[in-house]
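Q: Can you walk me through this one? I'd like the strand pairing, then the core, then any holes.
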Amino acid sequence: MSHPAPPPLAFFATLKVQVAPAHEVGQTPAGNRRIIAILGGDARGDGWTARVLPGGADFQAIVTPTLAQLDARYVLETDAGELIYVHNRAIRSASAETTARLIRGEPVDPAEVYFRCAPTFETAAPSLAWINERLFVGVGVRRPDWVEIDCFTVL
């Protein structure tokens, strides 16, 4: 019996999210907890743009010296005034040395880091309603004061 072909991906948007320095909660049963406020940013899709509204946050757990589990929640406002709620769960894996540099806020070569995510997008806007009914995946890059994520629709 043959298996179906893997689904193709289509570019959805690049999200560039400006972040504040981390609030270090400390070692909890879930790992080393860090909360990183989202300050702003922008999103650029095929034929649309939006801004990242301040007020969201990335709730992180550094669960091992090489693995971080990320859970970011924030809102986009399109140029047309439509709101999109973003909930992005991700994992970021790198060597212990590279992970330590990321935690300290130092620049790191993206090639040294496995940063993958599964964002969901929700909206009440009729023109964007289709995003409520799709799966998305993404690839991220962490910089000292921002995160860039390329998001793709699973077709």
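A: One definition before we start: two strands pair if DSSP finds at least two bridges between them. Strands (E, at least two residues) are DSSP runs, numbered from the N terminus.

Q: Fine. What kind of model is it, and how are the residues numbered?
A: It is a predicted model, where local features need pLDDT of at least 70, side-chain atom pairs count only at pLDDT 80 or more, and totals for chains, interfaces and linings use all residues. Residues are numbered from 1 along each chain as its sequence is written, and side-chain values use heavy atoms, with hydrogens and water left out.

Q: How many bridges join β5 to β6?
A: Seven. β5 covers residues 57-64, and the two strands run antiparallel. They form a hairpin with two residues between them. Ala 57 has Arg 73 in β6 as its bridge partner.

Q: And what stands opposite Arg 73 in β7?
A: His 87. β6 and β7 (residues 83-93) are antiparallel too, over 11 bridges. This hairpin has four residues between its strands. Gly 81, in the turn, has a positive phi of about 85°.

Q: Where does β4 come in?
A: β4 (residues 48-52) pairs with β6 (residues 67-78) in the antiparallel sense, over three bridges. Arg 51 has Glu 77 as its bridge partner in β6.

Q: On to the core. Which residues touch the most other members?
A: Phe 12, Leu 15, Tyr 74, Leu 76 and Phe 121, in the largest nonpolar core, which has 34 residues. β1 (9-19), β3 (31-45), β4, β6, β7, β8 (114-123) and β10 (146-154) each supply at least two of the residues. Such a core is a set of buried Ala, Val, Leu, Ile, Met, Phe, Trp, Tyr and Cys residues joined through side-chain atoms within 4.5 Å. Buried means under 20% relative accessible area, with a 1.4 Å probe and protein chains only.

Q: Why would they group like that?
A: In soluble globular proteins, nonpolar side chains tend to be buried together.

Q: Is Leu 70 buried or exposed?
A: Buried, because its relative accessible area is 7%. Leu 70 sits in β6. Counting the same way, with residues up to four places away left out, Leu 70 touches Asp 58, Phe 59, Gln 60, Asn 88, Arg 89, Ala 90, Arg 92 and Phe 115.

Q: Now holes. How many cavities of 30 Å³ or more are there?
A: Two. A cavity is a set of points on a 1 Å grid over the protein atoms alone where a 1.4 Å probe fits but cannot get out; lining residues have an atom within 4 Å of a point.

Q: What lines the largest cavity?
A: 16 residues, and the closest to its centre are Asp 58, Ala 72, Phe 115, Val 147 and Ile 149. β1, β3, β5, β6, β7 and β10 each give two or more residues to that lining.

Q: And which residues line the second largest cavity?
A: Leu 102, Val 108, Pro 110, Val 113, Phe 115, Gly 140, Val 141 and Arg 142. β9 (residues 136-142) gives the most to this lining, with three residues.

Technical notes: Buried < 20%, exposed > 50% of the residue type's maximum accessible area, 1.4 Å probe, protein only. 1 Å grid on protein atoms, 1.4 Å probe; cavity = no way out; pocket = protein on both sides within 12 Å on 5 of 7 lines; lining within 4 Å. Points joined across faces, edges and corners; volume = space filled by probe spheres on them. Contact = heavy atoms within 4.5 Å.
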